[in-house]
Amino acid sequence: MGCLRGAFDGGGLTTDWLEGNKLLQSPAFDAELWNLFEMLQRSGPLENFQSMLQFCLAHPQARMYDRRTFYAFRIDTQRYRYHLRFFPQKKKFYIFCYQKDRMREDLPTPDFNYAYRKRAKKKKNRGERA
């Protein structure tokens, strides 16, 4: 659906919205996202940079490695799923938003016989062995 990106700078917090699928956005989603964001700011890890850092350090099992180290969390509500990525070394965070009922749509159907077909094609009749 989209991503809320934020950064701690100076003494404040700046955010911007990176649009995903506009068709899935609704007033109900906007209200839920902003309520969640306000809760995380009011009494959670997004209150300030120190709160985010302490939250990450208190959850070492959430530490992940990519090009940069980050901490990954997930919040599920009745209709939506939010993936939070905190980057303490850069003082940034991302909240990726998904609509749960759309997460499995449009995925390709796995071909469970793919590996077998490849092996079957490689076998050729080589005649009898002496």
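## A charge over a ring

In this predicted model, the charged end of lysine 91 sits over the ring of phenylalanine 49, 5.0 Å from the ring centre. Phe49 also belongs to a cluster linked by ring pairs, together with Phe8, Trp34, Phe37 and Phe93.

## Aromatic pairs around phenylalanine 86

Across the whole structure, 12 aromatic pairs turn up. One of them joins phenylalanine 55 and phenylalanine 86 edge-to-face, with 6.3 Å from centre to centre and 70° between the planes. Because phenylalanine 55 lies in helix α2 and phenylalanine 86 in strand β5, this pair ties together parts that are 31 residues apart in sequence. Phenylalanine 55 is partly exposed at 27% relative accessibility, whereas phenylalanine 86 is buried at 0%.

Phenylalanine 86 also pairs with phenylalanine 73, this time in a tilted arrangement: 5.5 Å centre to centre and 45° between the planes. Here strand β4 meets strand β5, so parts 13 residues apart in sequence are tied together. Phenylalanine 73 counts as buried, at 17% relative accessibility.

## The nonpolar core

The largest nonpolar core holds 23 residues, and Leu46, Met52, Tyr82, Phe86, Phe93 and Ile95 touch the most other members. Elements that each supply at least two core residues include β1 (2-9), α2 (49-58) and β6 (92-99). Helix α1 gives the most, with five residues.

## Two cysteines without a bond

How many disulfides does a search of the whole structure find? The search finds zero. For cysteine 97, the closest cysteine sulfur is that of cysteine 3, and at 7.0 Å the two are too far apart for a bond. Cysteine 3 is buried, with a relative accessible area of 6%, and cysteine 97 is buried at 0%.

How values were computed:
Residues numbered from 1 in each chain as written. Predicted model: local features only at pLDDT ≥ 70, side-chain atom pairs only at ≥ 80, totals over all residues. Heavy atoms only, no water. Disulfide = S-S within 2.5 Å. Buried < 20%, exposed > 50% of the residue type's maximum accessible area, 1.4 Å probe, protein only. Core = buried A, V, L, I, M, F, W, Y, C linked by side-chain atoms within 4.5 Å. Helix = DSSP H or I, 4+ residues; strand = E, 2+ residues; numbered from the N terminus. Phe/Tyr/Trp six-rings, centres within 6.5 Å; stacked < 30°, edge-to-face > 60°. Lys NZ or Arg CZ within 6 Å of the ring centre and 35° of its normal.
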